[in-house]
Amino acid sequence: MNADEKQNRLSARLPRGLDDRGPAEIAATRVMLDKIRVVYERYGFEPVETPAIEYTEALGKFLPDQDRPNAGVFSFQDDDEQWLSLRYDLTAPLARHVAANFDALPKPYRSYRHGYVFRNEKPGPGRFRQFMQCDADTVGSASPAADAEICMMAADTMEALGIPRGAYVVKVNSRKILDGVLESIGLGGYENAGRRLTVLRAIDKLDRLGVEGVRHLLGPGRKDESGDFTKGAGLETWQAGVILGIFRDGGDKGFDLIATSIALPDGKAVREASELYRAGSDELDEIRSLLLASDYGPDRIRIDGTVVRGLEYYTGPVFEVELTFPVQGDDGRPVRFGSVAGGGRYDGLVGRFRGEAVPATGFSIGVSRLMAALTHLGKVDARAPPGPVVVIVFERERIADYQSMVTALRNAGMRAELYLGAGKFGAQMKYADKRNAPCVVIQGSDERAKGEVTIKDLIVGAELAKLEKGRDEHLKNQAQAQRAVPQTQLVSAVAEVLARHGIAWT
RNA sequence: GCAGCUGUAGCUCAGUUGGUUAGAGCGCCUGACUGUGGAUCAGGAGGUCGGUGGUUCAAGUCCACCCAGCUGUACCA
């Protein structure tokens, strides 16, 4: 290689926030999605998928926050100059799908899907620019029963994934509660939309910054440790006091409703002052009684006033699933995973495509993030799955014979392959080891003369290899991990090894 | 975006107050030990020291700018 080639050589790098996935991770994801699917289908949801690319306008032009129309989204122009974007969640595309097929679909319409979504944001631990979500949505029902059901399903799913009751909690709140409180302190109306957003974002940080940190954000602003200053919402002290009053006990009230007794300066309670608040409160009341009727208590699902959810299209109840056990990172420090799933009611989303309002509620599991958490919990099998049986090519000119052994194994439903490389025996053993092969099939001249094949159990062999020191002892021990059988018994002998290690290929 | 920290081999890192040809461990490749993964032994590949410019007789080392990564913060529809 000359200097010029070196100059021009590509670096095999990946854009940040993106990751390749290996066999172990793929297998674990498949297992996880399968468990989720079983629960979703038990609740009557049917699979529907949409493409990863949509017209940009279909994804998000409904936002009141218009100052950054394209930030955070991967977008590009089609040859007719229409703007396209990679989906950033599965909800907006579903809304488009339902609107497009509205007349044909049964309503209410229950569906689920999983797929990659893309966000062009700064990545961090547990935050990627491509990650998988698994959603379920009910479109066409305004009933709180639809919301309650989503919550129950969220709880069931967590337990199906092996997270014990008490190690997770489904938190429920309503946008109407928060909006109602804001309305009651004079932040209602279109002209205050920006400030309401700032307030909601501040509340969302309650668990991280604490009450005092949020109080600063509601007022003039807050300076963090690095000296960076965050501009606040600029509320009066009494306004911030009313808002923070909701969260007096960290927001977690079990199944009790929030802020019923908070007093405004004129002596009225928030409940009396805001119709929105009453609507949200009634909604949560109904959800609660539905949950209790099915025995879903506060050990699984709770009402929590701190749940905000960033998505601006939520219009009513919002949900969030949080893991309650501490997780240690590789460096031993505790890791915050944030919420592993969330959702809510989005009554305005489908209606954008149609003249009429279409109520909808749904729920999304962050599969990638949840898997990272489950891995830390030891609920994910992080081992690479077993590789194929490797048939060693001993006498090069007899490759057809070896190929026929491979075929015999495959015909018996086993995963098997012929060694296709150029390596000698030792190299082929190393290859089989790296492939995680449970066993190899060997037929050299000795075996051929007797009409036999040698089956070597690599898993047993690996155990034996830990013991010895010298070369001679090593070979002697390795011989115990293998056994010669008549070639006619090739398939049954391999099957025996597989059975010994509980490997079932179907 | 803002702030702080960090960039030397595939990975983890040494590299003195600037001073010959930039090192180690692990990993990788080849070979030996009669046809066996491990161990051991012998050999090998792999780096314009993140980039550009500057100071200097001399820069991995000092200075400026840029780029990238990490952490925090903001944003996250």
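**A buried arginine and a sheet**

Modeller: Let's start with R87: a polar atom of its side chain lies 2.8 Å from the backbone oxygen of Y116. That is a polar contact (N or O atoms within 3.5 Å, one able to donate a hydrogen and the other to accept it; residues adjacent in sequence count only if both atoms are side-chain atoms). Bear in mind that this is a predicted model, where local features need pLDDT of at least 70, side-chain atom pairs count only at pLDDT 80 or more, and totals for chains, interfaces and linings use all residues. Residues are numbered from 1 along each chain as written, chains are lettered from A and ligands numbered from 1 in written order, and side-chain values use heavy atoms, without hydrogens and water.

Colleague: Where does R87 sit, then?

Modeller: In the loop between β4 (83-86) and α4 (91-100). Helices (H or I, at least four residues) and strands (E, at least two) are DSSP runs numbered from the N terminus.

Colleague: And which side chain of opposite charge is nearest to R87?

Modeller: E54, 6.7 Å away. R87 has no salt bridge, yet is buried. Buried means under 20% relative accessible area, exposed over 50%, partly exposed in between (1.4 Å probe, protein chains only). On charge, Lys and Arg count as positive, Asp and Glu as negative, and His and the chain ends are not counted.

Colleague: What does E54 pair with?

Modeller: R96, in a salt bridge with N to O at 2.5 Å. The cut-off is a Lys or Arg side-chain nitrogen within 4 Å of an Asp or Glu carboxyl oxygen. R96 is in helix α4 and E54 in strand β2 (residues 53-55), so the pair ties together parts 42 residues apart in sequence. E54 is buried at 6% relative accessibility, while R96 is partly exposed at 23%.

Colleague: How many salt bridges are there in the whole structure?

Modeller: The search finds 23. One of them joins D457 and R500 at 2.6 Å, N to O.

Colleague: New topic: what's the strand order in the open sheet?

Modeller: β17-β16-β18-β19-β20, 5 strands with mixed pairing. Two strands pair if DSSP finds at least two bridges between them. β17 (416-418) and β20 (482-486) are at the edges with a single partner strand each, so one side of each has no neighbour in the sheet.

Colleague: How do β16 and β17 pair?

Modeller: In the parallel sense, over 3 bridges. V389 has A416 in β17 as its bridge partner.
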